[in-house]
Amino acid sequence: SFNKDRHNLTALIRSGMEELDLIYTPAKMEDNKPADLAEYIEQVVNAIVRADQVRSEILSVLTPEEIEILTAGAEAILKEDPSAVKKEKSEEEKQNVEKSQELFFNTALKLDLAGLLSAGALVAQALDVDTLVELKNKDPQLARYPNGWIVRQEENLTVLQTPAGKVLVGGKGNNVYTEDAALIVDLGGDDVYLNHAGGSSAQFPFAVVIDLSGNDLYSSSEDFAQGAGLLGGGFLVDLEGNDRYFARNYAQGAGVFGVGLLVDLSGNDEYKATAAVQGAGAFGIGLLAENGG
């Protein structure tokens with residue numbers, strides 16, 4: 001699915017689902033191949049909108065309290081502070097931990113995980129890395145964005161308001177990204193990403209960052225960053241350059257109740273992070289796909 005000549009992200013996710021004994025249910029998408037980056041961006045936006053709809057239907061069976069149980073419980077179960085002093089728990093403390101874990105697992109059983117991961121695969125299908133490589137030298141034409149999208153020009157940056165939420169298109173100069181968006185497409189330059197950089201959040205359950213070239217720095221002080229999915233999907237695709245990735249927990253290709261995917265096609269790269277990172281999945285799929293360098 002992923003090698004020098006082929007970069008099928010949907011097939012990667014499908015393979016992960018098969019390992020989890022989950023059935024992949026593909027959603028029907030348009031088969032039209034984008035003619036330029038503007039059409040490609042529209043394709044990804046449409047996929048995010050559809051994935052958000054599927055996610056809303058799936059999570060509708062859970063109360064806000066149950067969703068909080070899953071998100072908080074996953075963090076408590078999957079990582080602990082290595083510097084914390086270990087001490088023997090009392091019987092009461094052990095019973096409380098068992099009750100908390102039982103509540104967590106029983107809540108998890110209510111979630112249609114296969115449907116949620118399939119929604120992530122829907123976005124991965126739209127990303128179509130091989131087509132992106134073909135289009136990367138074609139600048140998007142602002143006049144060709146769909147009617148209804150609000151377009152605002154800033155220095156070296158185009159800000160779009162779309163059905164999926166905010167979309168940022170960075171120019172070929174150097175950009176510093178501090179805010180999150182549903183989709184960020186950067187056309188070049190040595191960029192700095194101080195945001196979640198393709199990490200899902202409550203505001204953007206499906207989030208995508210695509211960087212076409214440049215020696216980039218990705219640095220986050222938050223969990224679930226740089227291609228990380230929590231009850232959704234997070235995708236970070238970097239086509240070329242010598243890049244540095246610094247993060248905390250659940251990052252750099254990490255999926256917890258969702259899909260997290262970091263794809264780096266070339267360059268001599270550096271990855272540093274703390275826990276549950278770099279191709280880590282629990283109740284979901286995490287993938288770090290490195291293709292050379």
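Reader: How many residues lie between S1 and S2 in their hairpin, and which residue in the turn has a positive phi?

Author: First, the basis: this is a predicted model, in which local features need pLDDT of at least 70, side-chain atom pairs count only at pLDDT 80 or more, and totals for chains, interfaces and linings use all residues. Residues are numbered from 1 along each chain as its sequence is written, and side-chain values use heavy atoms, with hydrogens and water left out. Helices (H or I, at least four residues) and strands (E, at least two) are DSSP runs, numbered from the N terminus. Two strands pair if DSSP finds at least two bridges between them. Here, two residues lie between S1 and S2, and Asn-156 in the turn has a positive phi of about 60 degrees.

Reader: In which sense do S1 and S2 pair, and over how many bridges?

Author: Strand S1 (residues 150-154) pairs with S2 in the antiparallel sense over five bridges. Within this pairing, Gln-153 has Thr-158 of S2 as its bridge partner.

Reader: How many bridges join S2 to strand S3?

Author: Six bridges join S2 to strand S3 (residues 165-170), and the two run antiparallel. Leu-157 has Gly-170 in S3 as its bridge partner. S2 and S3 also form a hairpin, with two residues between them.

Reader: How many residues of S2 are buried?

Author: Buried means under 20% relative accessible area, exposed over 50%, and partly exposed in between (1.4 Å probe, protein chains only). In strand S2 (residues 157-162), five of the six residues are buried.

Reader: Which strands are the edge strands of the open sheet?

Author: The open sheet has five strands in the order S4-S6-S8-S11-S15, with parallel pairing. Its edge strands, S4 (176-177) and S15 (270-272), each pair on one side only.
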